[in-house]
Amino acid sequence: MGGDQRQLGRTMSFGIPDVALGLVMGCVEDPWDRDAISLVCRHWNRVDALSRKHVTVAMAYSTTPDRLFGRFPCLESLKLKAKPRASMFNLIPEDWGGSASPWIRQLSASFHFLKVLHLRRMIVSDDDLDVLVRAKAHMLVSLKLDRCSGFSTPSLALLARCCKKLETLFLEESSIAEKENDEWLHELATSNTVLETLNFFLTDLRVSPAYLVLLVRNCRRLKTLKISDCFMSDLVDLFRTAQTLQDFAGGSFEDQDQGGESRNYGNYYFPPSLHRLSLLYMGTNEMQILFPYGAAIKKLDLQFTFLTTEDHCQIVQRCPNLEVLEVRDVIGDRGLEVVARTCKKLQRLRVERGDDDQGGLEDEHGRVTQVGLRAVAEGCPDLEYWAVHVSDITNAGLEAIGSFSKNLNDFRLVLLDRELHITELPLDIGVRALLRGCTKLRRFAFYVRPGALSDVGLSYVGEFSKTVRYMLLGNVGESDDGLLAFSRGCPSLQKLELRSCCFSERALAVAALQLKSLRYLWVQGYKASSTGTDLMAMVRPFWNIEFIAPKQDEPCPEGQAQILAYYSLAGARTDCPQSVIPLYPSV
């Protein structure tokens, strides 16, 4: 820090007591703003360290528990991520790493104020949970094991029995070994009265409806309940008991009752406070369950249903107050046009890819194109998050998003490979218009097909992504020139993921150096050399580079070689499996 900066720091801090400064900083929640404040002077850095209550560590190998505790000794809340996001799509070796053990042991010993812990994509053992419970059971308020693996139901029973202040238990999409069936839920229902959120959605856990009823009867503040697959016909008592329930997911429908006829759900009861729903395997005959409650629903997840395009239209037109909608592309352009006309308050929209092999369950009109995108852009001005899989797209469709979706901070588009021909390629002009118009974008994903974004288009992405911090690009560019032009822009980009690209190792290394804010790079599918020597250009202090060898028994692109590079104050990690080769450890 220069003399002028030190003088500025002393001047700005003059007369402000530490307590007052800490209270002011306590009102600043954005981590980027907190980081900027901490750089003003050493005094402000120290006050920030003592007053910061929550930290997110985006890469567990980027620091150590000791360093984190030394920097923020008063942390009350920690979110910790380990495995790369690509592991959610089975692109990362199962044994890649990501053990929570070193962290949990240090957290249990040193972080004296910790009461909220969120672990994402980590391996958490039963021993880890035992250590955590022994140290933090008296103060743990929230525990999220998000897409984690390695633990079993006896550990959940231990948590339930000992953590009597627990308000949130989140297990969604985690892989959990069942050893004592649903005794953990009985323990939770009988030991806890303050629980507000229980989520084990999309897990293999099986539970008794009677235990669920006991839970909602004893936990009068329960607002969110997301369970594994459980028949709606067995949940009647649950909904009549859970009068404070606001968010439910996991109810499923039988195809037929014992008499061979479809059940009648016309008079099904939901509590009046319920306004967020995700129902499994619902078909045309069961969708009437939603009709009486449509006006009250704010979030609706139809991703795991057997509905046609027409079914989607009928449901959506009864839900004018939707803020969040998650569907598959079977909704089609026609369904999205209904969304645009009906859902003026919509803030988040996810349109996932449908199952191509569902044997006729998909509607023939289930095809999303620029027509549906333009309708939503014009009709839903409050949209902030939009992830969509499209069968076709034009520059005009992307331009419409840039013109009308001014509040977007997260936009993700995947161009499917179902159609032999796309109406208009390349999409350079449309991408430029989208990025120029959506000035609030922080996250941007554009996964297309070869020829959809030229080198010129890639240079536009770099030039006009001034605020984007995370980016995923697939099948973009034509040569190294496009990547290098892209990397001369993107001043705020911290995390970049590339798939199926035509770039050389040398260009990737140079691009990583030119992206001044880059902290994390993942690449799968590139022009790999036999030795990897061109990656030497990427070497810098505190920069770990890992090579994931191609899988010989898997076809492309899943079996392609990968590069993972990230900043780390912890040095090269020591737990790499044989499939992960640390090329040039940090120095």
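A cavity here is a set of grid points where a 1.4 Å probe fits but cannot get out, and its lining residues have an atom within 4 Å of a point. Keep in mind that this is a predicted model.

With that in hand, let's look inside. The structure has three cavities of 30 Å³ or more. Around the largest cavity you'll find Ala58, Met59, Lys81, Ala82, Lys83, Pro84, Arg85, Arg121, Lys495 and Tyr520.

| Space | Volume | Lining by class |
|---|---|---|
| Second largest pocket | about 280 Å³ | eight nonpolar, six polar, two charged residues |

Now for a pair of helices. H17 covers residues 455-464 and H18 covers residues 480-487. Their axes lie 7 Å apart, and the packing angle is about 15 degrees. Angles under 35 degrees count as roughly parallel, so H17 is roughly parallel to H18. The crossing of H17 past H18 is right-handed.

Which residues make the contact? On the H17 side they are Asp455, Leu458, Ser459, Val461 and Gly462, and H18 brings in Asp481, Gly482, Leu483, Ala485 and Phe486. Sorted by class, this contact of H17 with H18 has five nonpolar, three polar and two charged residues.

Technical notes: Residues numbered from 1 in each chain as written. Predicted model: local features only at pLDDT ≥ 70, side-chain atom pairs only at ≥ 80, totals over all residues. Heavy atoms only, no water. 1 Å grid on protein atoms, 1.4 Å probe; cavity = no way out; pocket = protein on both sides within 12 Å on 5 of 7 lines; lining within 4 Å. Points joined across faces, edges and corners; volume = space filled by probe spheres on them. Nonpolar A, V, L, I, M, F, W, Y, C, P; charged D, E, K, R; others polar. Axes fitted to C-alpha atoms, helices over the stretch in contact; angles between N-to-C directions. Helix = DSSP H or I, 4+ residues; strand = E, 2+ residues; numbered from the N terminus. Parallel < 35°, antiparallel > 145°, perpendicular 65-115°, else oblique. Left-handed = near helix turned anticlockwise from the far one by under 90°. Contact = heavy atoms within 4.5 Å.
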